[in-house]
Amino acid sequence: MKNILFFLFLNLFLPGFQSLLAQSSKKIVIEYSDFADVNQTEIPDALLLSGNVRINHDGAILTCNKAYYFQKENYVKAFGNVQIVQGDTLYMNSKYAEYNGNIKQAYATGNVVMRSPEMTLATDTLNFDRKNQQAYYNTNGTITNKDNVLKSKSGRYYAAEKKFQFLTAVTIKNPKYVVKSNHLDYYNNSGHSYLFGPSTITSDQNFIYTEKGFYDSKKNIGHFLRKSYIKYKDRLIEGDSLYYNRTKDFASATNNVKITDTINKGIIKGHYAEIYKQKDSMFVTKRAVAINLVDKDSVYIHGKRLLITGKPENRIVRAYTNARFFKTDMSGKCDSIHSNQKTKLTQLIGKPILWNFDNQMTGDVMHLIGNDTTQKLDSLKVLNNAFLVSKDTLGTGFNQVKGQNLFGKFKDNKLYEVDIIKNTEVIYYLRNDAHELIGINKNVSSKINLTLDGNTIDTMTFYTNVDGDIYPEKDLPENARKLRGFIYRGEERMKTKDDIFPPEENELNDKIIKESEAEMKKENVPMKVRKETLDYDKNNPVSKPVVK
């Protein structure tokens, strides 16, 4: 009986109501209410509805405890337990709401909650534009989905794209990390985040900074493009482009790569690197160089490829191919370098050559041995075909010593004593205190001991089966002043740290730096949305339950 009276009331006071039902796509339709009334004094031109109110507009259902319907304006004010449902995918609940049927916009306030299958948004006040399928708020909101909790001062939700956009302070809390940014686009179906401007990702394992990046919270992978770095407790990784996999604790970096050991002050550079944190290893190429501090002096190690493995106390550095190293008082080159931090042994493998000041040393195998206590160079071994050469300080000749093996001792990282044993030969230019040439010493023996003072040989002692003489310069022809196998390679000596790089790698370096500088001068714009984000629902369809 009550429902019959309600519809009689609508026909008496709202002529044409039946025609409104026929035009439900444009006009708001009152489907049900326990009571209805008109009070021109209190609410002019409005229909007052109360009790189980149900209103329909173009596919959206609004229910509430009480409502004022303004027919002329096609407008509704709803009070108490308000819910607006769009299809079966979007629900909005609040204490109070207003809905404009002409422009299809809703305004809700008072414990507003918007829900979809992927997320829940809670805020105090929310505007929802049904025409453009957008919701926005400026009253602090919390978005919750399966993986994350997002909090921001304001935000906009694009329902069709399932995307939130935040242009003020936003925080994403995940059990494994926290993201903070002032400009973030978050796709709640895929868990993809697009960061723009100063942004951080903080976890127990590391700290990530970027001003342009992407992060997939489901796969735990990220890609960061501008002023980006990853900071561990003992390591800082920088590069123009960084890729990060949190599950594998793996990172790769491209262009202007710099990896800093913040504890041991070591630095590794290149233009491509792969870092495996769990294995304490990294691979670096494209003008790769490892820089280590040794007694207030830096040692630069280069190879076409660098492979560093192990924790600092057990670290092994491998440089290959065309390996080179430079230190202010020493440099060298070979096919590959193998340096073991635990044993303090550095091996120069494959046609090694070493320069200590102006002294050139070659041999089949060369080892540099460090002192574990002082952390300085201790000794040198040159095995098989050892050859020591230095230019005569005033003339055009060369001092030469050769033998089967050479053993050297260092003091304060400077070679000060050398023993050359077995089948030794020597050619040495003798000069007096006035630097006048006395003669040329040419002899053979079983062993030679040399003491050095920087660039020059200070003393020379011969042992066992010594055979030779000191010749006046005029009595020793030019072709007799060079030992068999003598090759002077002074033009190959590296005199600065930049000499360790071959020309083609320097050209690559200049090109990359030029391109990077040009890129940094460009206006920073948000990252383009990836195809995997746009096609996420298509590639990850939700299975529907089987009806039996």
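Entry 1, terms. I took helices (H or I, at least four residues) and strands (E, at least two) as DSSP runs, numbered from the N terminus. I worked on a predicted model, in which local features need pLDDT of at least 70 and side-chain atom pairs count only at pLDDT 80 or more, while totals for chains, interfaces and linings use all residues. Residues are numbered from 1 along each chain as its sequence is written, and side-chain values use heavy atoms, with hydrogens and water left out.

Entry 2, cavities. I searched the whole structure and recorded two cavities of 30 Å³ or more. A cavity is a set of points, on a 1 Å grid over the protein atoms alone, where a 1.4 Å probe fits but cannot get out; lining residues have an atom within 4 Å of a point. Grid points are joined across faces, edges and corners, and a volume is the space filled by probe spheres set on the points.

I noted a volume of about 70 Å³ for the largest cavity. Its lining consists of I55, N56, H57, A60, L62, V76, I84 and Y99. Two or more of these residues come from each of β3 (47-57), β4 (60-70) and β5 (75-86). β3 gives the largest share, three residues. I counted six nonpolar residues (Ala, Val, Leu, Ile, Met, Phe, Trp, Tyr, Cys, Pro), two polar (the others, Gly among them) and no charged (Asp, Glu, Lys, Arg).

I noted a volume of about 30 Å³ for the second largest cavity. N148, I172, Y177, V179, Y186, S193, Y215 and S217 form its lining, with five nonpolar, three polar and no charged residues.

Note on methods
On a 1 Å grid over the protein atoms alone, a cavity is a set of points where a 1.4 Å probe fits but cannot get out, and a pocket is an open set with protein on both sides within 12 Å along at least five of seven lines; lining residues have an atom within 4 Å of a point.
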